[in-house]
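Visitor: I have this one open and would like to go through its packing. Can you take me around?

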Amino acid sequence: MNSHNQVNIERLILSSYLQLDLTPDVFKRDCRKRLDINIFIMPFHKRIAERINKSIQDNDPLPYLLCLLQDKIVGTNYENDLLLIEATTPISNDCGLDWYINYLVQNKIEREFNHE
């Protein structure tokens, strides 16, 4: 997979997580799964995944995290990166979110295998 597709899938996953507490479907039943930050290749995406995991651990609503990130990042060099995540249409587990997460897990394994 090329890195462009990887980055787009990373945005899809992060967008979905940041808005998943707002979805009315089956995904809400198991929506609080922590992310493996090592499936992400973009440093900014890793940092967002870490914040998502902390919110999950603390049982904080993820849309609130998005508001906090917006307040903190607006006007910084990361504003465009966050806007790209926000502009990505989120999907639910019913629409294949777990499939995309597993796809990035496989990519991580391939990267680790190729570096040995």
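Guide: A word on terms before we start: helices here are DSSP runs of type H or I with at least four residues, numbered from the N terminus. By that numbering, serine 15 is found in helix α1. Keep in mind that this is a predicted model.

Visitor: Is serine 15 buried or exposed?

Guide: Buried, because its relative accessibility is 1% and the cut-off for buried is under 20%.

Visitor: What is serine 15 in contact with, leaving aside neighbours within four places in sequence?

Guide: Serine 15 is in contact with Ile85, Thr88, Thr89 and Pro90.

Visitor: Now the largest nonpolar core. Which residues touch the most other members?

Guide: Ile13, Leu14, Tyr17, Leu18, Leu35, Ile48 and Ile52, out of 26 residues in that core. Two or more residues come from each of α1 (3–19), α2 (43–57), α3 (62–73), α4 (79–86) and α5 (97–114).

Visitor: Which element gives the most?

Guide: α1, with six residues.

Visitor: Pick isoleucine 48. What does it touch beyond four places in sequence?

Guide: Isoleucine 48 touches Leu14, Leu18, Leu69 and Ile85.

Visitor: On to helix pairs. How do α2 and α4 cross?

Guide: Their axes come within 11 Å and cross at roughly 65°. α2 is therefore roughly perpendicular to α4, since that class covers 65 to 115 degrees. The crossing is right-handed.

Visitor: Which residues make that contact?

Guide: Phe44, His45 and Ile48 on the α2 side, and Asp81, Leu82 and Ile85 on the α4 side.

Visitor: And at what angle do α3 and α4 pack?

Guide: About 150°, with the axes 10 Å apart. That makes α3 roughly antiparallel to α4, because angles over 145 degrees fall in that class. The crossing of this pair is left-handed.

Visitor: Which residues meet there?

Guide: From α3, Leu66, Leu69, Gln70 and Ile73; from α4, Glu79, Leu82 and Glu86.

Visitor: Different topic. How many disulfides are there?

Guide: Zero, in a search of the whole structure.

Visitor: What about cysteine 67, then: how accessible is it?

Guide: Cysteine 67 has a relative accessible area of 40%, so it counts as partly exposed.

Visitor: And is cysteine 95 buried or exposed?

Guide: Exposed, because its relative accessible area is 56% and the cut-off is over 50%.

Definitions and conventions:
Residues numbered from 1 in each chain as written. Predicted model: local features only at pLDDT ≥ 70, side-chain atom pairs only at ≥ 80, totals over all residues. Heavy atoms only, no water. Core = buried A, V, L, I, M, F, W, Y, C linked by side-chain atoms within 4.5 Å. Buried < 20%, exposed > 50% of the residue type's maximum accessible area, 1.4 Å probe, protein only. Contact = heavy atoms within 4.5 Å. Disulfide = S-S within 2.5 Å. Axes fitted to C-alpha atoms, helices over the stretch in contact; angles between N-to-C directions. Parallel < 35°, antiparallel > 145°, perpendicular 65-115°, else oblique. Left-handed = near helix turned anticlockwise from the far one by under 90°.
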